[in-house]
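Dear colleague,

I am passing on a structure for you to look through, with the sequence and the model placed just below.

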Amino acid sequence: MSRFSDMFTAWRGGAPLSEFSPEAKSRKLLDLSHGILLYLENVTVSFDGFRALDNLNLYIGKGELRCIIGANGAGKTTMMDVITGKLRPDSGTAFLGQTIDLLRMSEAEISEVGIGRKFQKPTVLENFSVFDNLELSLRADRSVWATLTARLSGEQKDRIDGVLLTIGLQTERDRIAGSLSHGQKQWLEIGILLIQDPYLLLVDEPVAGMTVQETERTAELLTSLAGERSVVVVEHDMEFVRSIARTVTVLHQGRVLAEGTMNEIQEDPKVREVYLGSSETS
Ligand SMILES: Nc1ncnc2c1ncn2[C@@H]1O[C@H](COP(=O)(O)OP(=O)(O)OP(=O)(O)O)[C@@H](O)[C@H]1O
Ligand SMILES: [Mg+2]
């Protein structure tokens, strides 16, 4: 049992869940009076003098679906590391709404306050069913054993059913997660985050390794998730970005190079020069 607990704790992001501060638990503090969910201002991250983020300014609106693109090394993952508390910047500020200072919170507190991050490699619990994976996420403050032996309330069951519907895995609910296709595992992982009802969902390269059909389904899923929450997608697959994008941000050398619709981005001479390359923009 303790092995499961350890595994589960690691899976949830490291820190013991009992250490969440009351402040992090309270979501009443979120102030969206300016319509902006996430503020990154003048954020700089240096590695041995090299600036992975260089005075980065980024604003994500409430309910927005934002795509972030940029060449390898542009700073995309580093940016997500700062937002999720994995990395502390050398300078700058990061706020959720007007009042929640992310730089004063631990990684676990940031997750609890409502920022969910999906890594490229799925981290579902392979030996548990799809349903159990969602149930464990719903009751993350309990041990695996307590979770799987205690009864779910009707409301909790409805919540899990709602997420199963959203991620399109209703008919797979009793399957062992390890037997799912690559795409289905990715959706389950998104479901595990959705159970926590995040304000902001960060998704790094969601369609890498997916079939064409899985990619299309993922586009529909991510599009449907915006509105109720904000979704930030980092992706290299430009066709995919085009299929979901409203606003695209181009990162280059740790800064925002351009921001706009996909068409605006592709017409932008700066972008053509440094990132897309004029031959790749069609
Ligand atoms: N821990 C680290 N130590 C030293 N340099 C690092 C570290 N993490 C990232 N970097 C450097 O910072 C820069 C930005 O890296 P980052 O991973 O954020 O890029 P990215 O935009 O996510 O790239 P990719 O598209 O390849 O995933 C790169 O030059 C990278 O080599
Ligand atoms: Mg990256």
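A residue is called buried here if 20 or more other C-beta atoms lie within 10 Å of its own, with the C-beta atoms placed from the backbone. Please keep in mind that this is a predicted model. By that definition, the buried residues of helix α3 are K76, T78, M79, M80, V82 and I83, which makes six of its eight residues, so that the helix is mostly covered. Just after α3, G85 takes a positive phi of about 80°.

E109 is found in helix α4 (residues 107–113), and it counts as buried because it has 20 C-beta neighbours inside 10 Å. The C-alpha atoms of E109 and T84 are separated by 9.3 Å, although the two residues are 25 apart along the chain.

Finally, there is an open sheet of six strands, in the order β6-β7-β8-β3-β9-β10, with mixed pairing. Because β6 (115–118) and β10 (255–260) stand at the edges with a single partner strand each, one side of each is left without a neighbour in the sheet. Strand β9 (residues 247–252) pairs with β10 in the antiparallel sense over five bridges, and V250 has A258 in β10 as its bridge partner.

Best wishes

Notes:
Residues are numbered from 1 along each chain as its sequence is written. Chains are lettered from A and ligands numbered from 1 in the order in which they are written. This is a predicted model: local features need pLDDT of at least 70, side-chain atom pairs count only at pLDDT 80 or more; totals for chains, interfaces and linings use all residues. Helices (H or I, at least four residues) and strands (E, at least two) are DSSP runs, numbered from the N terminus. A residue is buried if 20 or more other C-beta atoms lie within 10 Å of its own, exposed if 12 or fewer, and partly exposed in between; C-beta atoms are placed from the backbone. Two strands pair if DSSP finds at least two bridges between them.
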